[in-house]
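The stops below proceed from selection to selection.

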Amino acid sequence: MTARPSWRRHAGWLWLSLMSFTTLLILITYETRWVYPEIHAYFSQTGNLTGQQLATRSRQYLQEGLGSLLEAPDSDAARQEAGFRLELAYSLFDIGLYRREYACTEPSLAELDALADRLEIGGGLTPATLNDHLLGPIRCLTEIEMDQLERRSAVTTAFVEETRRHQGVVLGGSLVIFLMGLVFWWMHERQRRQAERATRESLRWMARALRDPLTGVGNRSALHQDVMAQPGKPMSLMLIDIDYFKQYNDTLGHPDGDQLLRELALLIDTSLAGQARLYRMGGDEFAALLLRDDGGGLAERCATLTARVREAAMAHPGHPYRRTVTLSIGAACFVAGEAGFASGYAAADRALYRVKEQGRDGWLASEGADTVEENGKV
Amino acid sequence: MLARLLSRRAVLAGLGLAAALLLTVPTLAGPDALVLRHDGGATRLSVAALRDQADVRFSFFDPFAGEELAVRGLVFRDFLVEHFGEVPEALAFDAWDDYRVTLDGWDDPGWILVTHQNGAPLSLRDRGPLRLVERDYGDRDPANLRNFNDWVWMIRSIKAVP
């Protein structure tokens with residue numbers, strides 16, 4: 001069973017959080033951009049076909065027509081205008097809904113028809129005749145208006161209630177979605193921090209694993225890693241061995257031996273002017289890794305280090321030939337890479353072996369075809 | 001003298017009445033023309049000619065009439081392109097019942113300028129002579145007339161609004 005990668009867990013929480021906030025945004029946009037304008041368009045009282053009741057408009061035209069006829073009953077122009085108003089009134093009255101739901105509609109339309117015919121034929125129209133023809137339709141239209149107003153009021157009330165409930169649901173839903181978004185974000189942030197802590201911890205452990213705890217310099221693994229990190233780079237490797245270190249320990253004790261290792265690590269680093277990386281390979285052996293494009297020759301560095309150690313004249317009571325600490329150094333050049341490093345390491349080791357064979361306290365550097373040797377044995 | 005004065009007044013009153021009648025003639029003459037207004041100019045189109053051009057026929061349930069109607073008319077978008085050269089952004093309508101409205105979104109072949117209903121030319125009484133309806137109003141409830149507030153009746157003039 002494989003563990004789910006942490007980035008996927010984070011992406012999951014983050015994704016959920018973003019989804020929550022996006023949903024909230026969509027909800028708010030939908031409510032403001034589409035729902036409310038639609039409500040406004042539906043209930044608006046003006047500016048559209050049914051904003052004002054058709055029955056109201058029809059009644060107004062009937063009353064205007066009646067007014068014209070009553071003012072000038074014998075005028076052709078007045079009769080013509082009244083006829084025009086009656087036609088408009090008829091068109092707004094002759095609505096399927098009115099015919100279906102108000103019994104007075106059909107007889108009223110028939111009355112309007114009859115009046116239109118009389119206007120067409122001509123002849124006198126007394127106020128009584130006009131009343132006979134128009135009173136019924138006007139009364140019918142008024143009844144329709146009142147009923148429609150009541151219905152509209154009932155619909156509006158129901159709608160207001162529905163809207164209030166809807167707003168409550170939307171508000172509650174928005175709050176829940178918002179809180180969910182916050183919780184998901186918090187989960188994401190928590191996991192991200194945990195992952196960061198774990199990564200830092202791993203890096204710390206990895207760094208520790210690559211350090212020599214006694215001297216603080218790198219260990220063998222660190223050397224390998226540093227070389228492999230720069231493939232193809234021309235490099236130099238110095239293997240540095242403390243001569244007769246066992247005798248030093250036997251004579252002065254291990255605590256002093258540890259102290260000597262620390263001091264030598266510092267001295268080697270100083271003498272190489274901080275341009276080399278230093279590693280402890282185990283026991284009394286150090287390694288120094290140098291980049292070859294730094295200008296300095298390998299032999300020169302070996303000589304400098306040997307001279308500095310001699311100058312330091314660190315006491316070594318157990319040394320069979322001198323009373324101070326001496327080093328054996330084997331050095332070689334190589335090109336970074338798995339094979340290059342192996343051959344470079346082997347060459348440096350061979351050089352070191354030869355120095356030791358020749359009595360220690362000296363160095364041997366192999367720089368390409370040239371081999372430079374110094375043996376300081378007295 | 002008095003008689004001449006009265007006679008002059010009678011003539012003036014007669015002239016005034018005649019002028020008043022002339023001013024009302026377009027209204028009283030009946031809806032036999034459609035006025036198109038565009039770029040400051042006005043064009044009168046004969047409603048009879050439009051009736052002759054009407055080449056779209058279909059039946060649908062008219063929510064206002066509350067019944068199935070067989071109608072005939074013109075595709076309004078094509079009509080606009082023919083007379084305005086394009087489909088204007090918005091249109092201001094003026095109706096014979098003094099209803100005025102400005103609406104947009106006419107680049108839609110679903111809008112029909114209706115000229116006939118059940119085989120007869122539309123009259124004022126039928127909410128004509130020209131009426132704009134949607135050939136297919138989808139799933140909108142025809143029982144609720146507020147769903148059809150964009151329809152325009154008794155069209156008297158159309159103005160292109162830039």
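Select chain A: among its contacts between residues at least 6 apart in sequence, 66% join residues at least 24 apart, two residues being in contact if their C-beta atoms, placed from the backbone, lie within 7 Å. The model is predicted, so that local features need pLDDT of at least 70 and side-chain atom pairs count only at pLDDT 80 or more, while totals for chains, interfaces and linings use all residues. Residues are numbered from 1 along each chain as its sequence is written, and chains are lettered from A and ligands numbered from 1 in the order in which they are written.

Colour chain A by secondary structure to find eleven helices and six strands; helices (H or I, at least four residues) and strands (E, at least two) are DSSP runs, numbered from the N terminus. Of the 378 residues in chain A, 27% are buried. A residue is buried if 20 or more other C-beta atoms lie within 10 Å of its own, exposed if 12 or fewer, and partly exposed in between, with C-beta atoms placed from the backbone.

Next, select A:Ala332 in strand S4 (residues 327-335) of chain A. This residue counts as buried because it has 26 C-beta neighbours inside 10 Å. Beyond its neighbours within four places in sequence, A:Ala332 is in contact with A:Leu237, A:Gly344, A:Ala347, A:Ala348, A:Ala351 and A:Ser366.

Move to helix H8 (residues 245-252) and helix H9 (residues 254-271) of chain A, whose axes come within 7 Å and cross at roughly 135°. Axes are lines fitted to C-alpha atoms, for helices over the stretch in contact, and angles run from 0 to 180 degrees between N-to-C directions. H8(A) and H9(A) are therefore oblique to each other; angles under 35 degrees count as roughly parallel, over 145 as roughly antiparallel, 65 to 115 as roughly perpendicular and the rest as oblique. Show A:Phe245, A:Tyr248, A:Asn249 and A:Leu252 of H8(A) with A:His254, A:Asp256, A:Gly257 and A:Leu260 of H9(A), which make the contact.

Now display both chains for the largest nonpolar core, which has 47 residues. Such a core is a set of buried Ala, Val, Leu, Ile, Met, Phe, Trp, Tyr and Cys residues joined through C-beta atoms within 7 Å. The members that touch the most others are A:Ala89, A:Phe93, B:Phe76, B:Ile112, B:Leu113, B:Leu132 and B:Ile155. Helix H3 (residues 76-93) of chain A contributes the most to this core, with eight residues. A second, separate core of 45 residues includes A:Ile242, A:Phe334, A:Phe341 and A:Leu352.

Which secondary-structure elements does chain B hold? Its content comes to three helices and ten strands. Select the open sheet of five strands in chain B, with the order S2-S1-S10-S5-S6 and mixed pairing; two strands pair if DSSP finds at least two bridges between them. Its edge strands are S2 (41-46) and S6 (100-104), each pairing on one side only.

Finally, zoom to strand S5 (residues 90-95) of chain B, which runs antiparallel to S6(B) and is joined to it by five bridges. B:Ala92 stands opposite B:Thr102, and B:Leu91 has B:Leu103 as its bridge partner. The two strands S5(B) and S6(B) form a hairpin with four residues between them, and B:Asp98 in the turn has a positive phi of about 70°.
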